[in-house]
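Dear colleague,

Please find below the sequence and structure for your review. A summary of the findings follows.

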Amino acid sequence: MSYQDPPADDGWSFCNHRLVSTSGPVRVVLFDVDGTLVDHDGAVAAGAQQWLMAMGWADAGTIAGLVSEWDAIAERHFPAYRARLTTFQGQRRLRLREFLPHVGIDASTWSDERLDELFNTYLVAYEAAWRSFPDAEPCLGALRRVVQIAVLSNGNQEQQEEKVLRTGLGRYVDVVLTSDHLGVAKPDPRAFELACVHLGVPARAAVYIGDRLEVDALAATAAGLRGIWLNRNGGAVPPGVEAVDNLTDLPSLLEELRLI
């Protein structure tokens, strides 16, 4: 089985279109990154805690509330980047401007450069806390023998590439795709459609798995892929939705469905 090669100058990383064989109709399995392959929430919590304590802005009594506020502010501003209303660096600055008053700092007159320097001190702590979930490598290792493996993320291209590499997952992933380069973000069906075009496969020959029901599983299904929900928290599974509690079960599910 062969795959279409991407253009030589398309800018995608890990474009290693391996020859694989599968007895089923699926040729590519795409994964979400944060919350699916990599413990983003854990890294945010650990990184923010280390950063806030090192800056002298928190103590044992206030750290939990400040970490929670930092996370909530990020959730409020990241959608603007996803909708291309601001840049990746721009949403970082917006987060700091909203957060700093919580630690007694008025940043309303701060320059972008000063904000960027401060954010980098958090970034060092956040990146040091990147970890893949324990079930990620066994799953990817099993699937890599029979299908192409790619990731499709709404994150920043450079950061997600680095995250995949530094967590040790780069040895399994053939292509890193993000909304940065696609120009459109999940749950827009075009994100999934463009990913399949880049990978050289029809949507029906691709599986997508992620930890968010609507943004990942349902959106992928609506775009013509086989969407699967990674239901890590044990939520109620809606009728007609295919789900696994952990990634270790994914290869066997795909075999049972005769997809690989």
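Asp 245 is exposed, with a relative accessible area of 51%; buried here means under 20% relative accessible area, exposed over 50%, and partly exposed in between (1.4 Å probe, protein chains only). The residue sits in the loop between strand 6 (242-244) and helix 10 (250-256), where helices (H or I, at least four residues) and strands (E, at least two) are DSSP runs numbered from the N terminus. Together with Asp 249, Glu 255 and Glu 256, Asp 245 forms a negative surface patch. Patches consist of residues with over 30% relative accessible area and no salt bridge, like charges being joined within 9 Å and nonpolar side chains (Val, Leu, Ile, Met, Phe, Trp, Tyr) within 5 Å. Asp and Glu count as negative and Lys and Arg as positive, while His and the chain ends are not counted; a charge is placed at NZ of Lys, CZ of Arg, CG of Asp or CD of Glu. Accessible areas come from the Shrake-Rupley method with a 1.4 Å probe, and for residues only the protein chains shown count as cover.

Please note that this is a predicted model, in which local features need pLDDT of at least 70 and side-chain atom pairs count only at pLDDT 80 or more, whereas totals for chains, interfaces and linings use all residues. Residues are numbered from 1 along each chain as its sequence is written, and side-chain values use heavy atoms, with hydrogens and water left out.

The whole structure contains 15 salt bridges, a salt bridge being a side-chain nitrogen of Lys or Arg within 4 Å of a carboxyl oxygen of Asp or Glu. One of them pairs Asp 34 with Lys 163, with the closest N and O atoms 2.7 Å apart. Asp 34 lies in the loop between strand 1 (28-31) and helix 1 (40-54) and Lys 163 in helix 6 (residues 157-166), so this pair ties together parts that are 129 residues apart in sequence. Asp 34 is partly exposed at 22% relative accessible area, whereas Lys 163 is buried at 1%.

Another salt bridge joins Asp 112 and Arg 97, whose closest N and O atoms are 3.6 Å apart. This pair links distant parts of the chain, Asp 112 being in helix 4 (residues 112-128) and Arg 97 in helix 3 (residues 88-99), 15 residues apart. Both partners are partly exposed, Asp 112 at 33% and Arg 97 at 29%.

Pro 187 is located in the loop between helix 7 (179-182) and helix 8 (189-199). Most residues other than glycine have a negative phi, and most peptide bonds are trans. Arg 84, in the loop between helix 2 and helix 3, has a positive phi of about 65° although it is not a glycine. Arg 258, in the segment after helix 10, also has a positive phi, near 60°, and is exposed at 70% relative accessible area.

How many disulfides does a search of the whole structure find? The search finds zero, a disulfide being a pair of cysteine sulfur atoms within 2.5 Å. The sulfur of Cys 139 is 18 Å from the closest cysteine sulfur, in Cys 196, which is too far for a bond. Cys 139 is buried at 1% relative accessibility, and Cys 196 is buried at 2%.

Yours sincerely
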